[in-house]
Amino acid sequence: MTGAATASVATAAPQAGEKAPKAGEQRAGLPDAPADGVIVAYRDRTETKAANASPSAAESDSEARAEARAKGRKTGQKLKFERRLATGAALYEVEGKASKAEINKIVKAFESDPDVAYAEPNTRMYAMATPNDPQYGSQWDLFESTAGMRVPGARDRSTGQGTVVAVLDTGYVAHSDLAANIVSGYDFVSNSTNARDGDGRDSDPADEGDWFYAGECGATYDSASSWHGTHVAGTIAASTNNGKGIAGIAHGAKIQPVRVLAKCGGTTADIADAITWASGGTVYGVPSNPTPADVINMSLGGGGTCSSTYQNAINGAVGRGTTVVVAAGNSNTNASGFVPANCSNVITVAAGDREGNRASYSNYGSVVDITAPGGETATRTNGILSTVDSGSTRPAGESYAYYQGTSMAAPHIAGLAALMKSENSSLTPSQIEGLIRSNARTLPGTCGGGCGAGLADAAATVAAAGGDSGGGEDPVGDTYTNSANVSIPDDNGTGVTSSIAVSGRSGYAPADRICPNGPPTPSSPATCRPPPG
């Protein structure tokens with residue numbers, strides 16, 4: 001049984017004294033700037049050179065071209081002399097893409113030349129502007145140094161352009177801070193009474209409101225509409241630099257609203273079909289998805305073990321290349337008892353508070369992969385600010401509100417996955433999960449019970465997704481070799497094998513494979529997990 005995670009609703013307002021990074025201010029976590037080549041300045045030899053000496057590279061472009069060939073041969077790179085700078089220094093470009101280590105090798109080769117005054121990489125710089133969205137300063141979860149996710153440094157490199165994130169939730173209520181980033185979705189709620197649209201499944205994923213009264217849905221209390229899916233969508237991809245409201249994490253991405261929750265929640269069958277459809281699979285009686293999602297966000301859950309229906313749908317989605325992100329749950333207990341948090345092949349997300357602790361409500365445990373900001377609204381503005389509607393039942397007009405929950409933490413990771421996929425379209429779901437985990441930072445506060453790899457670090461993760469090792473070396477990873485030579489026969493009919501022992505690796509590395517029941521455990525990286533239950 002599944003349902004929407006509880007969200008605490010409050011009116012949005014900036015917190016007094018809260019500061020966002022200023023335009024032009026250096027931000028922590030910016031990616032190391034790549035380099036296109038090397039700038040070289042030569043010493044003045046006019047007074048010391050012999051009368052019959054050949055011109056140096058400092059004076060002659062033809063000598064500079066010869067120097068490019070010579071240093072290229074020395075370093076194993078293809079260099080060319082591009083032009084003189086206004087200072088008189090020579091600009092040498094590398095043909096093709098060079099790593100930081102390769103650029104540094106070229107610099108050292110020039111520095112060893114006694115005619116060279118200095119050599120340095122021709123690095124790139126990035127615009128440092130802060131979004132002009134008026135409530136960006138209240139989005140502590142994106143930029144604050146203590147427990148923010150270091151999103152500004154990631155967005156200097158990627159905005160999620162070209163990706164689609166499917167939000168399987170209550171649907172979408174019209175909001176001008178999201179409208180530009182919405183693509184067509186679908187309503188998978190098959191119960192027309194609960195859907196409140198009178199026709200069950202259809203192509204309109206509009207959120208009709210999920211309110212109910214005491215005595216309905218097995219509850220003893222009234223509950224207002226949550227506009228939960230719109231809040232989740234705003235965190236991922238609210239329009240940015242539009243002078244309105246908030247800034248989305250992956251504001252270049254598109255949101256595909258897929259309605260699976262309505263009055264009294266949603267069913268396993270509807271949600272499983274939605275997972276299949278969102279990822280580009282076929283669902284009987286439903287038109288094919290014109291824009292299959294790169295990432296699916298499911299900020300929903302219920303108690304129990306992961307059913308075969310859920311697991312098969314998730315496995316199919318991941319097999320089609322879609323990353324599936326889910327909330328850990330809000331019961332302050334082990335997430336192993338909650339679906340889909342305990343399913344395999346998903347990224348399960350716990351929630352952190354503004355001080356960097358595990359949020360008091362957040363589930364925990366060994367099935368958790370990562371922690372992201374989820375907020376706590378005991379102090380209202382310590383929650384997560386995003387897009388909602390002001391209506392208590394049916395839509396009444398767009399608004400913003402602070403919510404708390406692992407439902408709010410999961411879209412931070414879905415947005416991060418979109419940034420990564422945009423930066424490197426070849427990344428698989430397993431690689432995305434591995435990079436998010438391996439580039440996490442230590443949780444600044446405390447976590448009892450297990451919070452995964454730590455607090456997600458967007459800047460470091462997106463840099464790594466783009467191939468930046470961050471350590472000044474060529475980012476090729478570790479190297480493993482075998483110790484025995486193997487003879488290769490001359491005849492073409494006989495094959496040989498050469499085994500290489502790999503140790504100290506977790507996740508799916510070194511082979512990029514998908515285990516049917518989720519990633520291997522760190523204690524046994526070579527062995528897939530057994531089936532749940």
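Predicted model: local features only at pLDDT ≥ 70, side-chain atom pairs only at ≥ 80, totals over all residues.
Trainee: Buried means under 20% relative accessible area, exposed over 50%, and partly exposed in between (1.4 Å probe, protein chains only). With that settled, how many residues of strand β8 are buried?

Mentor: Five of the six, so β8 (residues 254–259) is mostly covered. Helices (H or I, at least four residues) and strands (E, at least two) are DSSP runs, numbered from the N terminus.

Trainee: Okay, big picture then. How many helices and strands does the protein have?

Mentor: Eleven helices and 16 strands. Of its 533 residues, 51% count as buried. Contact means heavy atoms within 4.5 Å, and among contacts with a separation of 6 or more, 70% are between residues 24 or more positions apart.

Trainee: Back to β8. Which strands are joined to it?

Mentor: β6 (residues 164–169) is joined to β8 by six bridges, running parallel, and β7 (residues 186–187) by two, also parallel. Two strands pair if DSSP finds at least two bridges between them.

Trainee: Tell me about α10. Which of its residues are buried?

Mentor: Pro429, Ser430, Ile432, Glu433, Leu435 and Ile436. They pack against α8 (308–319), β11 (323–327), β13 (347–352), β14 (370–373), α9 and α11 (458–465).

Trainee: How do α9 and α10 cross?

Mentor: Their axes come within 11 Å and cross at roughly 115°. Axes are lines fitted to C-alpha atoms, for helices over the stretch in contact, and angles run from 0 to 180 degrees between N-to-C directions. The two helices are therefore roughly perpendicular to each other; the cut-offs are under 35 degrees for roughly parallel, over 145 for roughly antiparallel, 65 to 115 for roughly perpendicular, and oblique for the rest.

Trainee: Left-handed or right-handed?

Mentor: Right-handed. A crossing gets that label if the near helix is turned clockwise from the far one by less than a right angle, and left-handed if anticlockwise. The contact is made by Ile413, Leu416, Ala417, Met420 and Lys421 of α9 with Ile432, Leu435 and Ile436 of α10.

Trainee: What does Met420 touch?

Mentor: Leaving out residues up to four places away in sequence, Met420 touches Leu427, Ile432, Leu435, Ile436, Thr461, Val462 and Ala465.

Trainee: Which residues have the most contacts inside the largest nonpolar core?

Mentor: Met149, Val349, Ile413, Leu416 and Met420, in a core of 57 residues. α9 gives the largest share, ten residues. A second, separate core of 32 residues includes Phe188, Val258, Ile275 and Val324. By nonpolar core I mean a set of buried Ala, Val, Leu, Ile, Met, Phe, Trp, Tyr and Cys residues joined through side-chain atoms within 4.5 Å.

Trainee: New topic: at what angle do α7 and α8 pack?

Mentor: About 10°, with their axes 8 Å apart. That makes α7 roughly parallel to α8. On the α7 side, the contact is made by Thr268, Ile271, Ala272, Ile275 and Thr276, and on the α8 side by Thr309, Tyr310, Ala313, Ile314 and Ala317.

Trainee: Where does Gly280 lie?

Mentor: In the loop between α7 (268–278) and β9 (295–298). Gly280 counts as partly exposed because its relative accessibility is 38%. Not counting residues up to four places away in sequence, Gly280 touches Pro292 and Arg320.

Trainee: And Thr428?

Mentor: Thr428 is in the loop between α9 (406–423) and α10 (429–438). At 22% relative accessibility, Thr428 is partly exposed.

Terms used. Residues numbered from 1 in each chain as written. Heavy atoms only, no water.
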